[in-house]
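Please keep the structure open while you read.

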Amino acid sequence: MNQREIFEQAYIDLADQIFRYIYFRVFDRDIAKDLTQETFYKVWDYFAKDKEIDNLKAFTYKTAHNIVVNSIRNKKPTLSIDELQETVGFEVQDITQEESLQQSHDIASILDSFKILKEKDAEIMKLRYVDGLSIQEIAQIVSSSENSISVKIHRLLEKLREYHQQT
Amino acid sequence: MKPNLENLNEYTSKASLTTGEKLNMFENIRAYSNANPVKSKYTLLFKHSFAYASMFALFIGTSATSIAAEDSLPGEILYPIKVNFNENIIKSLSVTKAQKAKVNVSLVDKRMEELTEMIVKEKDSPEKIDIIAAKLEDHKEELKEYIDNIESSDSEENAQAAEIYAELESVVDIHLDILEEIAENEDDVNVDTVDQEDEIVPQDTPITELPIISTSSENTISDEDIATSSMKFEVQATMTLSDTQEPELKAEITQKVPVKIQNIEAEEEVNAMLSGEEDAVFEISNFSEKLKPIITSAKMKSAEKYQATSTIKRPDIRKRVIETAEKELDITIEKTESFEIKDLFR
């Protein structure tokens with residue numbers, strides 16, 4: 001496989017995941033689409049320089065992270081339930097409008113509870129539970145050991161549980 | 001089922017791009033990757049290797065030629081490259097008017113060096129000297145333009161104008177000294193060569209042209225002695241010959257005398273200038289005048305190698321001059337084919 005084939009395969013595999021990663025950080029479908037495209041441009045730039053990429057998935061997530069950080073530096077994204085409902089319940093046919101709205105509220109409240117965590121910790125929890133990445137993948141993305149990530153997640157879960165019990 | 005942290009991903013994974021959005025984005029990304037192809041470290045090196053190689057060869061070739069051309073003299077194949085290519089590059093590299101003027105001074109220096117080299121190597125001919133004279137005139141015109149520009153601008157550049165004058169003056173003076181020395185040495189070596197003084201009165205030359213040529217002696221310091229001695233001779237000859245009342249010879253001498261009188265006047269002027277009595281400011285126009293005699297004399301010397309014409313070589317006149325001199329000065333002169341007037345005073 002040449003560079004282009006590797007890259008295009010990576011796009012097919014990762015486009016949705018990267019889009020999701022960005023969407024749950026900017027909470028705007030259109031902006032998320034634009035930033036997803038930008039992420040893949042940046043990844044290709046790296047390919048074009050003929051540089052070695054150890055772990056393409058982790059590398060793409062890292063790139064997406066940098067792009068998101070840059071784009072939301074000036075304004076804090078606000079979560080809109082309607083927007084969330086539209087995006088998350090988009091292709092779901094077997095639930096009613098009310099159920100869909102309730103789900104979106106629940107998701108929003110979970111994401112909202114991450115605010116009590118430090119920014120870096122919240123990022124790890126999002127990678128684990130929103131993006132559904134494995135411990136190993138998270139370790140690669142945040143450049144840490146699997147062990148420390150799993151310990152950290154364990155502690156953060158306790159913390160969140162305590163918070164939910166209080167409210 | 002209610003969303004919680006454990007099953008959150010089941011819900012969030014529903015957030016995805018539509019197939020249309022995905023395809024559309026794929027097209028964009030492919031277009032982007034086509035526009036920015038992979039630049040391999042190796043392809044980068046070899047892709048344009050032919051272009052680089054030919055550029056390199058051209059560069060080497062051009063620079064070799066222009067370096068070789070630097071030593072060329074007028075009449076040689078590479079000389080036009082030197083004056084038209086190399087020197088235009090040097091000119092175009094200078095930015096300010098003062099720099100451009102200085103470049104022209106250095107080119108004057110070069111031209112005069114070439115003139116000297118040509119004479120020393122005996123590669124001179126009137127045509128080649130003409131080439132140099134024309135070039136010198138070009139440099140002078142250009143220099144004049146820049147100097148005028150500089151002088152009409154602010155005071156800071158005015159100071160530079162004086163500097164350029166000084167530079168030009170020293171360049172011209174040095175080369176004139178060298179050329180005169182060469183002329184003197186040549187005269188010593190080639191006794192057969194007709195003295196420069198003799199050339200002053202070429203046969204059938206209209207008198208109006210004479211002062212121009214005579215200035216060559218006023219500027220040539222080394223020839224001063226010769227000039228003085230020949231003048232003494234002329235004055236004496238005039239006095240003696242006028243007694244003899246020979247009409248033909250008298251006519252010849254009277255033709256010579258005004259020239260010499262002018263010569264004396266000119267010499268006085270030069271002396272006055274040297275002693276600082278007159279304002280000896282170096283001017284661009286002076287520059288031309290200063291160069292004129294040396295170029296004229298060099299040209300004439302050169303021309304002489306091809307065809308020697310001189311009044312003194314006319315057998316009848318020479319015979320009479322010698323006879324009169326022998327009679328008046330009470331000496332014997334060897335009757336060689338040509339002789340030096342200064343020989344009379346040995």
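Predicted model: local features only at pLDDT ≥ 70, side-chain atom pairs only at ≥ 80, totals over all residues.

The points below go from the whole of one chain to single residues.

1. Chain A holds eight helices and zero strands. Read from the N terminus, its order is α-α-α-α-α-α-α-α. The chain has 167 residues, and 43% of them are buried.

2. The largest nonpolar core. This core has 56 residues. Those that touch the most other members are A:Ile22, A:Phe24, A:Phe114, A:Met125, A:Ile153 and B:Leu5. Note that this list names residues of chain A and one of chain B. Helix α1(A) supplies the largest share of the core, 12 residues. There is also a second, separate core of 30 residues. Its members include B:Val108, B:Met112, B:Leu168 and B:Ile295.

3. A:Ile153 within that core. Which residues does A:Ile153 touch, once those up to four places away in sequence are set aside? They are A:Ile124, A:Met125, A:Arg128, A:Tyr129, A:Ile135 and A:Ile138. One of these, A:Met125, is also on the list of core residues that touch the most other members.

4. The largest pocket. Its volume is about 1000 Å³. The lining has 35 residues, and the closest to the pocket centre are A:Arg25, A:Glu119, A:Ala122, A:Glu123 and A:Lys126. Five elements of chain A each give two or more residues to the lining: α1 (3-26), α3 (56-71), α5 (97-113), α6 (119-130) and α8 (146-166). Which element gives the most? It is α6(A), with six residues. By type, the lining divides into 17 nonpolar, six polar and 12 charged residues.

5. A:Val26. This residue sits in helix α1 of chain A. Is A:Val26 buried or exposed? A:Val26 counts as buried because its relative accessibility is 7%, and the cut-off for buried is under 20%. Beyond its neighbours within four places in sequence, A:Val26 is in contact with A:Ile31, A:Ala32, A:Leu35, A:Val68, A:Ser71, A:Ile72 and A:Pro77.

6. A:Ser113. This serine lies in helix α5 of chain A. At 2% relative accessibility, A:Ser113 is buried.

7. B:Asp124. Here the setting is a loop of chain B, between α6 (97-120) and α7 (126-151). Is B:Asp124 buried or exposed? B:Asp124 is buried, since its relative accessible area is 6%. Against B:Glu114, the separation is 10 residues in sequence and 10.0 Å in space, C-alpha to C-alpha.

8. To recap. A:Val26 in α1, A:Ser113 in α5 and B:Asp124 in a loop are worth a look together. A:Val26 has 7% relative accessibility, A:Ser113 has 2%, and B:Asp124 has a relative accessible area of 6%.

Definitions and conventions. Residues numbered from 1 in each chain as written. Chains lettered and ligands numbered in written order. Heavy atoms only, no water. Helix = DSSP H or I, 4+ residues; strand = E, 2+ residues; numbered from the N terminus. Buried < 20%, exposed > 50% of the residue type's maximum accessible area, 1.4 Å probe, protein only. 1 Å grid on protein atoms, 1.4 Å probe; cavity = no way out; pocket = protein on both sides within 12 Å on 5 of 7 lines; lining within 4 Å. Points joined across faces, edges and corners; volume = space filled by probe spheres on them. Nonpolar A, V, L, I, M, F, W, Y, C, P; charged D, E, K, R; others polar. Core = buried A, V, L, I, M, F, W, Y, C linked by side-chain atoms within 4.5 Å. Contact = heavy atoms within 4.5 Å.
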